[in-house]
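Subject: Structure handover and notes on its charged residues

Dear colleague,

I am passing on the structure below, together with notes on what turned up when I went through it.

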Amino acid sequence: MKRILVVDDDPDILHIISEILSEAGYAVDTIQDGQGAIERLKVEFYDLVITDLNMPEVGGMEVLKFI
């Protein structure tokens with residue numbers, strides 16, 4: 001099963017995207033901030049990362065640069 005990490009500071013967006021992807025058969029994890037995403041990516045592998053670019057403190061571009 002393909003694993004997807006969704007990163008967004010809006011809990012409603014996380015819920016909607018997670019529900020859609022889960023129903024499509026993907027294993028989905030969600031994180032509400034960029035720093036948390038980076039910490040998770042240090043220990044977990046994901047086939048795809050979907051991230052909001054505009055988040056407080058650590059934005060999506062920093063997450064993508066880390067990847």
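I begin with Asp8, which is in contact with Ile13, Leu14, Ile31, Gln32, Asp52 and Met55 once residues up to four places away in sequence are set aside. Please keep in mind throughout that this is a predicted model. Asp8 sits in the loop that runs between β1 (3-7) and α1 (11-23), and although Asp8 is buried, it has no salt bridge. The nearest side chain of opposite charge belongs to Arg40, and that is 16 Å away. What Asp8 does have is a polar atom of its side chain lying 2.8 Å from the backbone nitrogen of Asp10.

The salt bridges come next, and a search of the whole structure gives four of them. One of these joins the side chains of Arg3 and Asp29, with an N to O distance of 3.3 Å. That pair links distant parts of the chain, given that Arg3 belongs to strand β1 and Asp29 to strand β2 (residues 27-31), 26 residues apart. Arg3 counts as partly exposed because its relative accessibility is 26%, and Asp29, at 24%, likewise counts as partly exposed.

Asp29 also meets Arg40 in a salt bridge between their side chains, here at 3.5 Å from N to O. Because Asp29 lies in strand β2 and Arg40 in helix α2 (residues 34-41), this pair ties together parts that are 11 residues apart in sequence. Arg40 has a relative accessibility of 29% and therefore counts as partly exposed.

A further salt bridge is formed by the side chains of Lys42 and Glu39, with 3.3 Å between N and O. Lys42 reaches 51% relative accessibility, so it counts as exposed, whereas Glu39, at 38%, counts as partly exposed. As for how the bridges connect, those that share partners join Arg3, Asp29, Arg40 and Glu44 into one network.

Glu44, a member of that network, is placed in the loop between α2 and β3. Its relative accessibility of 34% is the reason why Glu44 counts as partly exposed. The side chains of Glu44 and Arg3 are joined by a polar contact of 3.2 Å, while the C-alpha atoms of these two residues, which are 41 residues apart along the chain, are separated by 9.8 Å.

Which ring does Arg3 lie over? The ring is that of Tyr46, and Arg3 lies over its face at 4.6 Å from the ring centre. Of aromatic pairs, by contrast, the structure holds zero.

One backbone feature remains to be mentioned, and it concerns Glu57, a residue that has a positive phi of about 65° although it is not a glycine. Glu57 is located in the loop between β3 (48-51) and α3 (60-66), and with a relative accessibility of 85% it counts as exposed, because the cut-off for that class is over 50%.

Conventions. Residues numbered from 1 in each chain as written. Predicted model: local features only at pLDDT ≥ 70, side-chain atom pairs only at ≥ 80, totals over all residues. Heavy atoms only, no water. Phe/Tyr/Trp six-rings, centres within 6.5 Å; stacked < 30°, edge-to-face > 60°. Lys NZ or Arg CZ within 6 Å of the ring centre and 35° of its normal. Helix = DSSP H or I, 4+ residues; strand = E, 2+ residues; numbered from the N terminus. Buried < 20%, exposed > 50% of the residue type's maximum accessible area, 1.4 Å probe, protein only. Lys, Arg positive; Asp, Glu negative; His and termini not counted. Salt bridge = Lys/Arg side-chain N within 4 Å of Asp/Glu carboxyl O. Polar contact = N/O pair within 3.5 Å; in protein donor to acceptor, adjacent residues only side chain to side chain. Contact = heavy atoms within 4.5 Å.
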